[in-house]
Amino acid sequence: MDSTWKFTTRDIAEKADLLMPGHRACAGCGPAVAYRQILKAARGPIIATNATGCMEVVTTIYPYTAWKIPYIHTAFENVAANAAGIETALKVMKRKNRIKHGSIDVIAFAGDGGTYDIGIQALSGAAERGHNFLYVLYDNEAYMNTGIQRSGGTPHCAWTTTSPAGRVIPGKPEFKKPISHIMVAHSIPYVATGSLAYWRDLIVKARKGLEVEGPAFLHALAPCPRGWRYDTSKTVEMARLAVETCVFPLWEAVDSEYSLSAPSKVIALKPERKKPVKEYLKSQGRFRHLFTPENEHITDEIQEIVDKRWKLLLKKCGMS
Amino acid sequence: MEMTSTKQKMRALSGDEAVAYAAKQCDVDVVAAYPITPQTIIVERFSEYVHNGEVDTEFICVESEHSALTACLAAAATGARTFTASASAGLALMHEILYVTSGCRAPVVMAIANRALSAPINIHCDHADSMVERDASWIQIYVENSQEAYDSIIQAFKIAEHPDVLLPTMVMLDAFYLSHTLESINVLTDEAVRGFVGTRKIPLVTNHEGRLVPFKLDPENPITIGPLALHDYYFEHKRQQEAAMQSALQKIREIHNEYEETSGRKYGNGLIDPYRLEDAEIAAICIGSTAGTTKVVVDQLRAKGVKAGLLRLRTYRPFPSQDIIQALENVEAIAVMDRSHSFGAKGGPIFHEVRHLLYDAPTRPQVVDYIYGLGGRDMPQTLIHEIYKDLERIAATKQIKTPVQFIGVRD
């Protein structure tokens, strides 16, 4: 599935931001970068809705707002239900001739907090009902806004404040829930993973998500310097390393048919380009505890899991 | 004054069906709902209207009540007229979003078929579900019968959407006694209802650029709804909600009177519905369908020369304090009947709120509380007679033996 939209880097640079500067995100905030990139994909009138979380809080501190487009936030677990209500209202109001616009896109943003766990019911329901909207999951892999607590999206053995690197249990015992595959299993028309380090890929995917009729799900990896414990200048580096190590491969599923995206495809075709997971783990303080003699074996276990999931993905993409 | 009450049709409808029918006639744009006994017939009937093309409404079969109210709120924020219904655990699941809806000043209308809260699980009549939400800044109206349910849903849209109000509104009807019982209902014509509720007008607000724009999600005039407001601004938002509640007192009365002109029907003054209270020496206070039974008891007592009366509270939020104080001016002994309880408190919620008002009365009457009917325990005339007998004793002796009693329960 191709988008009809062709653009140059200059086009993107000259396109007005729909999210204004001056909001309160941290230095090096991955989600803030991802939002700006994704919103460049807007193709016309668009309404945004956000779940409670980092980006919601930093962009809308009354009496200020960073949003140049209509925006609503209601609660934490229900952004997909917001989107359902907005999309449905637009549909019926258009039918009753109360809207002059030809078409208005609906985009829902939520963190891994508002998606994997507390938000999955509303998301699953909206997907099942087939509402026409793009759901963007900005994944910083923990409940960052409330102080770095673990989520279903937190990777295995990562330190968080509710899965600390303790003497008995070294970080989160569970694994990262395969949320995007779960969304593919909902048989929605478009699911994709993206990383802010590959902005062109991410922007094209956001546009495809908006263009498709029906629910679209975009899983954007958005590293957090505070929660992952790395220097604020290295956010893009982390987002790139995640792809290069196949910890976070980039792919699309169009009508449930998988295909690898270029940055990951190149690794599939040239396996020597696949970087060891240790490089990724070593670069972040949240995995620091794995580099003691007692815990070193865990990094090998993590490599095995990454390899296993990578192989499974290749199979799904018809590239074994 | 144009009386169009002759242009009404008589239909046999249960309370749920009457509610669905009223919503049908109000040109609702979006209904997002989840079934729960005993509200299910509302959503089922409405689904039939939608699937048969009898209404131009989008029906979202949401996956939970929390999403039902969320979707209605977001749809209302987009400019749609919205309706939903729930009860008991479903309303409890909406709890968080009740506050968000009123905080966002969305004029959602919701019917509640009053049912007990678990545990134990119970599907029958009880006011716990809506009573516990009286702090959520929703307008609350309790109906006595299914005719009133029909009439009140229609009024609710006009009340909620009024620019001086802009508060979501819930209309309560008792589980099974009203929701499932067939009554002969007079229904207005579609034109009469549409003429009464009109189309939803979106109020204007000052946006962050200082311009007056419609308060809705519209790419023409972008605004942010549902922001973070910290200690420096949250309090003012809540103060505004309270001001809206106070304005609602008058608006509810006005809209009730307008509706009387259209339909020929009234319920007291819209806020309270006193029955034979003018010269009453003893009186009961209650909400909901029990008022119907109590009116029968009052008539029986009056026939025997007892100066008994009843004060039915129709509008519970905003609480019609002035009207209540005035209505009870000359009553010597009052029995509040609470079909819900605040566990650990001295008596139920209506007892608290009424007795609190009477603290300032020039002559304080005796006030007692009867917790009754929880989980659908029937409240027959015999028990209500017992209450009035107690009141006669209290009025005569000026003494209260037991201020709070559970009545109709096994010992």
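Two strands count as paired if DSSP finds at least two bridges between them. On that basis β7(A) and β8(A) form a hairpin with 2 residues between them. The model is predicted: local features need pLDDT of at least 70, side-chain atom pairs count only at pLDDT 80 or more, and totals for chains, interfaces and linings use all residues. Residues are numbered from 1 along each chain as its sequence is written, chains are lettered from A and ligands numbered from 1 in the order in which they are written, and side-chain values use heavy atoms, with hydrogens and water left out. Helices (H or I, at least four residues) and strands (E, at least two) are DSSP runs, numbered from the N terminus.

**Hairpin in chain A**

- Strand β7 (residues 251–254) of chain A is joined to β8(A) by 4 bridges, and the two run antiparallel.
- A:A253 stands opposite A:Y258 in β8(A).
- In the turn, A:D255 has a positive phi of about 50°.
- In a regular strand the side chains alternate between the two faces of the sheet.
- Strand β8 (residues 257–260) of chain A has A:Y258 and A:L260 on its covered face, and A:E257 and A:S259 on its uncovered face.

**Pockets**

- On a 1 Å grid over the protein atoms alone, a pocket is an open set of points with protein on both sides within 12 Å along at least five of seven lines, while a cavity is a set where a 1.4 Å probe fits but cannot get out; lining residues have an atom within 4 Å of a point.
- Grid points are joined across faces, edges and corners, and a volume is the space filled by probe spheres set on the points.
- The largest pocket has a volume of about 1,200 Å³.
- Its lining holds 41 residues, and those nearest its centre are A:Y62, B:G103, B:G226, B:P227 and B:H237.
- Two or more lining residues each come from α3 (54–59) of chain A and from α4 (88–103), β9 (204–206), β11 (224–225) and α8 (234–263) of chain B.
- The largest share of this lining, 9 residues, comes from α8(B).
- By class, the lining of the largest pocket has 22 nonpolar, 14 polar and 5 charged residues (Ala, Val, Leu, Ile, Met, Phe, Trp, Tyr, Cys and Pro count as nonpolar, Asp, Glu, Lys and Arg as charged, and the others, Gly among them, as polar).
- The second largest pocket has a volume of about 710 Å³.
- It is lined by 33 residues, with A:K176, A:C246, A:V247, A:P249 and A:R309 closest to its centre.
- α13(A) gives the most to the lining of the second largest pocket, with 9 residues.
- That lining divides into 21 nonpolar, 5 polar and 7 charged residues.

**Cavities**

- The whole structure contains 2 cavities of 30 Å³ or more.
- The largest cavity holds about 40 Å³ of space, and its lining has 8 nonpolar, no polar and 2 charged residues.
- Helix α3 (residues 65–78) of chain B gives the most to the lining of the largest cavity, with 3 residues.
- The second largest cavity holds about 30 Å³, and its lining has 9 nonpolar, no polar and no charged residues.
- β6(A) gives the most to the lining of the second largest cavity, with 3 residues.

**Six-stranded sheet in chain B**

- An open sheet of 6 strands runs in the order β12-β14-β13-β16-β17-β18 (chain B), with mixed pairing.
- β12 (272–275) and β18 (404–406) of chain B stand at the edges with a single partner strand each, so one side of each has no neighbour in the sheet.
- Strand β17 (residues 366–371) of chain B pairs with β18(B) in the parallel sense over 3 bridges, and B:Y370 stands opposite B:Q405 in β18(B).
- Helix α9 (residues 290–303) of chain B lies across β12, β13 (282–286), β14 (308–313) and β16 (333–338) of chain B, at about 165° to β14(B) (axes are lines fitted to C-alpha atoms, for helices over the stretch in contact, and angles run from 0 to 180 degrees between N-to-C directions; contact means heavy atoms within 4.5 Å).

**B:G270**

- B:G270 sits in the loop between α8 and β12 of chain B.
- B:G270 is buried, with a relative accessible area of 0% (buried means under 20%, exposed over 50%, partly exposed in between, with a 1.4 Å probe and protein chains only).
- Not counting residues up to four places away in sequence, B:G270 touches B:I252, B:H256, B:R314 and B:T315.
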